[in-house]
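Trainee: I would like to go through this structure with you one question at a time, starting with how the chains meet.
Mentor: Then let us look at it together.

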2 protein chains.
Amino acid sequence: MSPRKEAARPGGAEERPVSLWERVARPAPAARVALTPERIAVAAVAVADAEGLDAITMRRLAAELGVAPMAAYRYVSGKSELLDLMVDLVHGELELPEVELGWREALRLLALRNRELLLDHPWLVRIAGGEGALALTPNRLAITERGLAVLDGLGLDADTALAITRSVATYARGMAGNEILLRELMAEQNWGSGEELRSGLAPQMTYLMSTGRYPLYNRSLLTQRRKDDALWQFELGLELLLDGVAARLAGAGFQDG
Amino acid sequence: MSPRKEAARPGGAEERPVSLWERVARPAPAARVALTPERIAVAAVAVADAEGLDAITMRRLAAELGVAPMAAYRYVSGKSELLDLMVDLVHGELELPEVELGWREALRLLALRNRELLLDHPWLVRIAGGEGALALTPNRLAITERGLAVLDGLGLDADTALAITRSVATYARGMAGNEILLRELMAEQNWGSGEELRSGLAPQMTYLMSTGRYPLYNRSLLTQRRKDDALWQFELGLELLLDGVAARLAGAGFQDG
DNA sequence: CGATGGCGTGTACGTCGTATCGATCGAGAT
DNA sequence: ATCTCGATCGATACGACGTACACGCCATCG
């Protein structure tokens, strides 16, 4: 689907492909090189934060780095690896909750901070492909690792602990993604969160509602009071999930605070 | 972010923008026109199913329809509306569970069928933007509507019912997305699900594991027995969520089978 | 001091989305 | 029966993108 080739790299002529992260970990061979994977990733994240993912162009990025369009290709095999680098970089910002907080609070914080990370870097939602959405970057793995640490010693088998961690993280990313897309959709049509929002998702929604196919949904839009409170919605589902975990733990014959 | 303009369309020269879905609902003005939104969407879905989302090109699509590259633009304002059409079309395939099954079983089926839909049309994962990921297409709204119907009359307020429905749907899409991306990643490096899989996520994983930063994760990979059983993982998290809902319903003073 | 090899440059190709304008043809009015 | 008009589709073209490729530069090491 999306071909991955290896970037040229320092160190000689092996034949085995070396993963991006191994290449990244290699120290800069000289202090005077203009580019490093870090510099590239930092610049790219800055652009994406400021102008969205569409602004991320190999040419634009090169301009930002004061360098020729093709220069970055020595450190990155292509745009998808660049995106991987960006994803990993921002996940380094996430502060991992202490295990001592107990599994529930720690998992809760993990989810909430995941949400905040997405909101701080909305372009993350648009990166669905590759290793970006899985956990296969160092800093994302560290987050999963902490999730497992938090559940360690509670009597869960490996499969269950991992599935719980993934469920919570997936829920958090999914809900935060919804929130971001809604927000962008609103900005795109420049509504404030004022009257139009309160009257449903006008205007594209109004037609669909007028068809009468969605009476309950329509009633919800009119009835609900916390419509614009995305955090409330986020936390509600999160608590459902954590309640389920708590029940599972109790069933396993353990409890915890 | 992604500009939306209105496609030219039959019927004269109004000035108010008309939503895609309203335009779609308009009957074909003549029986002899070559193109309709439906024909376009069907062809596009066929291509995407067979060759992935990257194969979807306005030119390719036109060729598939036996028509000039720009022809589809009379029915669709741009590629993003085409994607909206595709998203909506495939969601029409999802069979809605009967309300009589009871909220838990119905919600469970909704989640499982959502998952199957994604697996049948893996390109859905790659469409993050626009109304695609929110529920703002007719067939997706119908799914949400059924979710609300299933929870109706159980004493939940509008906000809670909607949040629950969305939580379940978001969880389902997120987990199915993980599954698809993992599957694609595996195909990309042509492992079977054989030895490499069983030994972790080799080869790009092996380097990261060898750093020793992820002892628990590493142990999980070695210990777990249902690693490749994505459905099991899916259902585990789903049950957690539904357990949480059940607790909330019990707290609201209701029960149900 | 000469050679080596990594680093960044310059140029160019193929493909994409889509703006614009012109040709065509069926239906409704006369 | 003819005219006319607008809906429909075709042809051409433009700018931007990702990236392949081959070349100059320069620090380093023998």
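This is a predicted model: local features need pLDDT of at least 70, side-chain atom pairs count only at pLDDT 80 or more; totals for chains, interfaces and linings use all residues.

**Questions on the two chains**

Trainee: Which helix gives the largest share of the side of chain A that touches chain B?
Mentor: Several elements of chain A give two or more residues to that side, among them helix 1 (20-25), helix 7 (138-151), helix 8 (158-188) and helix 12 (230-251). The largest share amounts to 19 residues, and the element that supplies it is helix 8 of chain A.

Trainee: How many residues of the side of chain A that touches chain B are nonpolar?
Mentor: The contact takes 76 residues from chain A and 76 residues from chain B. On the side of chain A, the residues divide into 21 charged, 19 polar and, to give the number you asked for, 36 nonpolar.

Trainee: What is the area buried between chain A and chain B?
Mentor: The size of an interface is often given as the accessible area lost when the parts come together. Here carbon and sulfur atoms give 66% of the area buried between chain A and chain B, and that area is about 6800 Å².

Trainee: Which residue of chain B meets A:Asp152 in a salt bridge?
Mentor: Between chain A and chain B the count is four salt bridges. In one of them, with a distance of 3.5 Å from N to O, the side chain of A:Asp152 meets that of B:Arg219.

Trainee: How many helices does chain A have?
Mentor: From the N terminus on, the elements of chain A run α-α-α-α-α-α-α-α-α-α-α-α. Chain A has zero strands, and its number of helices is twelve.

Trainee: Why is B:Asn114 classed as buried?
Mentor: B:Asn114 lies in helix 5 (residues 103-120) of chain B. Beyond its neighbours within four places in sequence, B:Asn114 is in contact with residues including B:Leu94, B:Ile143 and B:Arg173. The class applies to residues under 20% relative accessible area, and B:Asn114 is therefore buried, because its value is 5%.

Terms used
Residues are numbered from 1 along each chain as its sequence is written. Chains are lettered from A and ligands numbered from 1 in the order in which they are written. Side-chain values use heavy atoms; hydrogens and water are left out. Contact means heavy atoms within 4.5 Å. Buried area is the accessible area (1.4 Å probe) that two parts lose on being put together, summed over both. Helices (H or I, at least four residues) and strands (E, at least two) are DSSP runs, numbered from the N terminus. Ala, Val, Leu, Ile, Met, Phe, Trp, Tyr, Cys and Pro count as nonpolar, Asp, Glu, Lys and Arg as charged, and the others, Gly among them, as polar. Buried means under 20% relative accessible area, exposed over 50%, partly exposed in between (1.4 Å probe, protein chains only).
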